[in-house]
Amino acid sequence: MPTQIAGRRGGAVGAKIEYRDGHWIVPDHPIIPFIEGDGTGPDIWRASAKVFDAAVAKTSGGKRSIVWHEVLAGEKSFNQNGNWLPDETLGMIREHRIAIKGPLTTPVGGGIRSLNVALRQMLDLYACIRPVRYIAGVPAPVKQPGKLDVVIFRENIEDVYAGIEYKAESPEADAVIEFLQRRFGAKIREKSAIGIKPMSKFGSQRLVVKAIQHALKRKRPSVTLVHKGNIMKFTEGGFRDWGYEIAKERFGDQTVTEAEGGKRKEDAGKLVIKDRIADAMFQQLVLRPDEYSVIAAPNLNGDYLSDAAAAQVGGLGLAPGGNVGDGYAVYEATHGTAPKYAGQDKVNPSSVILSGVMMFEEMGWDEVARAIVRGLEGAIASKHVTYDLARQMPGATEVSTSAFADAIIQHLA
Ligand code: NAP
């Protein structure tokens, strides 16, 4: 029997989002757990939820609504129940499958579970997805920021971020060094710290599959595998080879590699699969950004690339993110809690709002996503923006977080 939570407006009764055979089944009044976040989180969440509700109501003519259900994490949770991350929160997110969160304080000192790590492990959220595109009017450091429009799929579980790392001179590091020297004659300087870089065919291929599925669904022209396979032949090189392999095996009739591209008539219009060495890719994104569309990368490369790309179109303040697995997805702001502005109704809510856009796209509510993007573009074009943009935009009027949300709502279309 599904949990039912009464909606807060007009008695709508919420139902759970389900996932069957690789597809989302989204009711008209889905229950979506949210974490408002610490610091500026409550200001941002209030503004974002207002925009989301207005966009859903407008695009559905009032037929649909989101039944928001607050779950606790971070400082707010700690202050209420002494627990930074209650099991109940993880359970609710698992039960309802799609959730959204504001930024959380990372407590100083050990022994406290990170929400992101806990969710990633529990729900196997193996793809970190970061769309990066320019919004007209936002001050950007390059001459033609509008040429960049990419979606980066970063592998979220493996690679040097797997957490298998040993401190220099620890018994673990010394034992690994001794083993590698004795068994394989590896040359490793004494007293080195050791980190392990596991990358599997399974982990690489499921990430590449997600990127290809996205590109096909959204009619994107290419998927680029970014790797450092010229140096790390078996890990990063494996990522590239396994990526090409799965593209051919599962999507052979819909894809063509760059090497084969354009040679045969029947390949016209197919999704192009290509690869680039990571360092070259950083240059390419600056010099020829319009040649790239969907990007699939291992964990470390993807982390660097996401922030570099976001900076190119005007910074991380507006960058959204999603951690997605099979049948689970958690969306979040990519910035932190900006505690010095807490409670001042001042900061920019766009990162959470654009994370919501990603969420609505995943739910198949594309019209809501489009309306919000147009609203945001309209608000920025009207130059009624929060302080962070106002200080860089000549002639702009600084408005509060809530007034910026109202400006977005006015421009929903
Ligand atoms: P931060 O909160 O991202 O803030 C750094 C600066 O970025 C702010 O002072 C502000 O710059 C600007 N900024 C951030 N969010 C903004 C917004 N919404 N609108 C406008 N400007 C914004 O980074 P931090 O101070 O290093 O971290 C604070 C706390 O957040 C820490 O506890 C950290 O661990 C946590 N954190 C959480 C997440 C997460 O939950 N996803 C991510 C990163 C950090 P100006 O001062 O120049 O205006």
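Which ring does the charged end of Lys274 sit over? Select Lys274 and Tyr292: the charged end of Lys274 lies over the ring of Tyr292, 4.7 Å from its centre. The model on screen is a predicted one.

Next, select Lys346 and Tyr387. Here Lys346 is placed over the face of Tyr387, and the distance to the ring centre is 4.7 Å.

**Aromatic pairs**

Turn now to rings that pair with other rings. A pair of this kind is described by how far apart the ring centres are and by the angle of the planes. Searching the whole structure gives eleven aromatic pairs. One of them joins Trp45 and Phe52, with 6.1 Å from centre to centre and 65° between the planes, an edge-to-face arrangement. Trp45 and Phe52 are both buried.

Phe52 belongs to helix H1 (residues 41-60) and Phe360 to helix H10 (residues 350-363); the pair links distant parts of the chain, 308 residues apart.

Are Phe52 and Phe360 buried or exposed? Phe52 has 0% relative accessibility and therefore counts as buried. Phe360 is also buried, since its relative accessible area is 0%. The cut-off for buried is under 20%.

**A surface patch**

Move to the surface and select Val160, Tyr161 and Tyr304. Together they form a nonpolar patch with about 290 Å² of accessible area. Val160 sits in the loop between strand S7 (149-155) and strand S8 (165-166). Its relative accessible area is 38%, so Val160 is partly exposed; that class lies between the 20% and 50% limits.

The last stop is Lys191, in the loop that runs between helix H5 (171-184) and strand S9 (194-195). Why does Lys191 count as exposed? Its relative accessibility is 52%, and exposed means over 50%.

What is Lys191 in contact with, leaving aside its neighbours within four places in sequence? Show Ala168 and Glu169: Lys191 is in contact with both.

Key: Residues are numbered from 1 along each chain as its sequence is written. This is a predicted model: local features need pLDDT of at least 70, side-chain atom pairs count only at pLDDT 80 or more; totals for chains, interfaces and linings use all residues. Side-chain values use heavy atoms; hydrogens and water are left out. Rings of Phe, Tyr and Trp (its six-membered ring) pair if their centres lie within 6.5 Å; planes under 30 degrees apart count as stacked, over 60 as edge-to-face and the rest as tilted. Buried means under 20% relative accessible area, exposed over 50%, partly exposed in between (1.4 Å probe, protein chains only). Helices (H or I, at least four residues) and strands (E, at least two) are DSSP runs, numbered from the N terminus. A charge sits over a ring if NZ of Lys or CZ of Arg is within 6 Å of the ring centre and within 35 degrees of the ring normal. Patches are made of residues with over 30% relative accessible area and no salt bridge: like charges are joined within 9 Å, nonpolar side chains (Val, Leu, Ile, Met, Phe, Trp, Tyr) within 5 Å. Accessible areas come from the Shrake-Rupley method with a 1.4 Å probe; for residues, only the protein chains shown count as cover. A salt bridge is a side-chain nitrogen of Lys or Arg within 4 Å of a carboxyl oxygen of Asp or Glu. Contact means heavy atoms within 4.5 Å.
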